[in-house]
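Work through the following exercises with the sequence and the model side by side, trying each task before reading its solution.

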Amino acid sequence: MNFEDILQNEIHQTTDSTVRDAMEYSLMAGGKRIRPVLLYEVLKGYGIDPSLGDHFASAIEMIHTYSLIHDDLPAMDNDDLRRGKPTCHKQFDEATAILAGDGLLTYAFEEAAKTEAEPALVLEGIRILSRMAGPEGMVYGQCLDMAEETGRTDWEALKKVHKYKTGCLLSAPLMIGAVLSGHRDEAEALHEAGDLIGLAFQVQDDVLDATKTADELGKSNSDERNEKVTSVSLMGIDEAVKTMNELYDLAAEKIGGFRDFSSTSLIEVLKGIQSRSK
Ligand code: GRG
């Protein structure tokens, strides 16, 4: 089964309701699925059947989608367009969008728990997922981002926001892939690689936001509207592009250094992300 069918199938196992419609609307709206791909690539690199990661890959995409739904709400970035479609609260209403986010977040953990691997490995994967998504991870990053004075003020502060807000959920699939493959000892080093990818990805997002239209990107640029400091506003486009390329190269170098890991395919995926246009 391809990943889109897996996701659709899993979400259809929840009770038919408006909240399910809203969860499905946002989940199946055509995201790039970068986080699931990272998990599958780590499993493949360690010589493990990638289907072992189906439930965690779905769980991570559910958590990512919940974060986008909540981030788009009027109380946060107040955006109208996401994944080329009206945001969840525009298509439905605010209460339904809040519930759809809550539903995706909680269902993600049931989803991850379905993984048929050694229970200790599944538990460790769930612990990592929870930590990377929660108040020690993405939620902390979002909190820093909302508190402008302690958030985006200079490059160091901005890097901290991105490490948590973006890096953690890109690190999670790499770390969980290592754990499910029996390489728990390499999860921390993969976390560092994930941080680099997260920062590169975010600088790239800033560059794309500054150079493409909302229609081309399929999402609104609320950073500009909300007058937020970004890597482009701090260092200009040329320097931001240079920084982004250096960060991707560093991440690839790190990934190339793992023992017992065939890195070629994951590095190819990274190159694909580096040349993305949305
Ligand atoms: C609400 C707790 C909470 C967190 C929100 C995801 C997020 C944190 C904010 C969204 C805004 C933003 C720029 C986040 C950084 C991560 C990022 C670049 C998300 C977009 O990821 P893509 O490009 O999206 O992988 P698709 O739609 O392709 O899945």
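Predicted model: local features only at pLDDT ≥ 70, side-chain atom pairs only at ≥ 80, totals over all residues.

**Exercise 1: Pairs that join separate elements**

Task: Determine which parts of the chain are tied together by the salt bridge between D145 and K165, and which by the one between R33 and E61.

Solution. First, the side chains of D145 and K165 meet at 2.7 Å, N to O. D145 lies in helix α8 and K165 in helix α9, so this pair ties together parts that are 20 residues apart in sequence; helices here are DSSP runs (H or I, at least four residues), strands are runs of E (at least two), and both are numbered from the N terminus. D145 counts as buried at 2% relative accessibility, and K165 counts as buried at 18%.

Second, R33 and E61 form a salt bridge with their closest N and O atoms 2.9 Å apart. Because R33 lies in the loop between α2 and α3 and E61 in helix α4, the pair ties together parts that are 28 residues apart in sequence. Both R33 and E61 are buried, and they belong to a network of salt bridges that also links E4 and R83. The count for the structure comes to 22 salt bridges.

**Exercise 2: Pockets and a cavity**

Task: Describe the lining of the largest pocket, then that of the second largest pocket and of the largest cavity.

Solution. Start from the terms: on a 1 Å grid over the protein atoms alone, a cavity is a set of points where a 1.4 Å probe fits but cannot get out, a pocket is an open set with protein on both sides within 12 Å along at least five of seven lines, and lining residues have an atom within 4 Å of a point. Grid points are joined across faces, edges and corners, and a volume is the space filled by probe spheres set on the points.

The largest pocket has a volume of about 910 Å³. Of its 41 lining residues, H64, L68, D71, R82 and D205 are the closest to its centre. Helix α4 gives the largest share, six residues.

The second largest pocket has a volume of about 180 Å³, and its lining includes D206, D209, N221 and S233. Here the largest share, three residues, comes from α10.

Finally, the structure holds one cavity of 30 Å³ or more, and the largest cavity has about 90 Å³ of space. Among its 13 lining residues, S26, I69, R82, T87 and C88 are the closest to its centre, and α4 gives the most to this lining, with three residues.

Conventions:
Residues numbered from 1 in each chain as written. Heavy atoms only, no water. Salt bridge = Lys/Arg side-chain N within 4 Å of Asp/Glu carboxyl O. Buried < 20%, exposed > 50% of the residue type's maximum accessible area, 1.4 Å probe, protein only.
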